[in-house]
Amino acid sequence: MSAGMLIVGVVARFGTDEVAAYGTVTRTLLFLTMAAYAMRQAATIIAAQAKGATDDDLLAASRSSSVRLGIAWSLLGGLAVLTLGGLAVDAVTSDAAIRSAAHGQIPWLAVYITLLLCNVTLSGIFLGGGHGKALATSTTTGAALQLCLAPLLALTPLGLMGAWIAMITNAGTQTTVLLVLAARQTLKAKEVTA
């Protein structure tokens, strides 16, 4: 939450149109992330059941499904934002300055949401599978990067793009950790069965 609040503060430096645009484009997050959280919850339950029953095959299958589903949902979400984001902005505001600012932020949101949706969807398998420490570490590291980078990059010629880069770095860090963890667990499971 603190990383998100900081971003709003950083975006506010660029004026009310940019803040309004940021609020407008991030509404998309609510719809897309709620679906990702539902997928995460299902994966958490399945992984916890598999771990409790010591069913390594079910755990491996649910991990594989979560990775595929996470990647597919994140790519679909990013593509939807990129292609339909402008229509969504135009539907919720008639202010030309806000529309212009929002259209400039949509490509950044598309990249961010692609990484965020993958992260959220994948995290369930690790929550249920007993890897909460890895999740906490990646979340803390990503948020710390965002907290440090956002105000610094916003002061550079990057301006508002710097805030988006900080958010993308956060989501990218977390997603990379989860994908690496998934790959390691998959390799480990294959070694055990070989």
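The model is predicted, so local features need pLDDT of at least 70 and side-chain atom pairs count only at pLDDT 80 or more, while totals for chains, interfaces and linings use all residues. Residues are numbered from 1 along each chain as its sequence is written, and side-chain values use heavy atoms, with hydrogens and water left out.

Select Thr24 in helix H2, residues 16-52 (helices are DSSP runs of H or I, at least four residues, numbered from the N terminus). Thr24 is buried at a relative accessible area of 11%, because buried means under 20% and exposed over 50%, with partly exposed in between (1.4 Å probe, protein chains only). Its side chain reaches the backbone oxygen of Ala20 at 2.7 Å.

Next, go to Asp56 in helix H3, residues 56-92. Asp56 is exposed, with 54% relative accessibility. The C-alpha atoms of Asp56 and Gly70 are separated by 21 Å, at 14 residues apart along the chain.

Then select H4 (residues 96-128) together with H6 (residues 160-193); they pack at about 30°, with axes 8 Å apart (axes are lines fitted to C-alpha atoms, for helices over the stretch in contact, and angles run from 0 to 180 degrees between N-to-C directions). H4 is therefore roughly parallel to H6, a term for angles under 35 degrees.

Finish on H5, residues 132-154, where the buried residues include Leu135, Ser138, Gly142 and Gln146.

Conventions:
Helices (H or I, at least four residues) and strands (E, at least two) are DSSP runs, numbered from the N terminus. A polar contact is a pair of N or O atoms within 3.5 Å; within protein, one must be able to donate a hydrogen and the other to accept it, and residues adjacent in sequence count only if both atoms are side-chain atoms. Angles under 35 degrees count as roughly parallel, over 145 as roughly antiparallel, 65 to 115 as roughly perpendicular and the rest as oblique.
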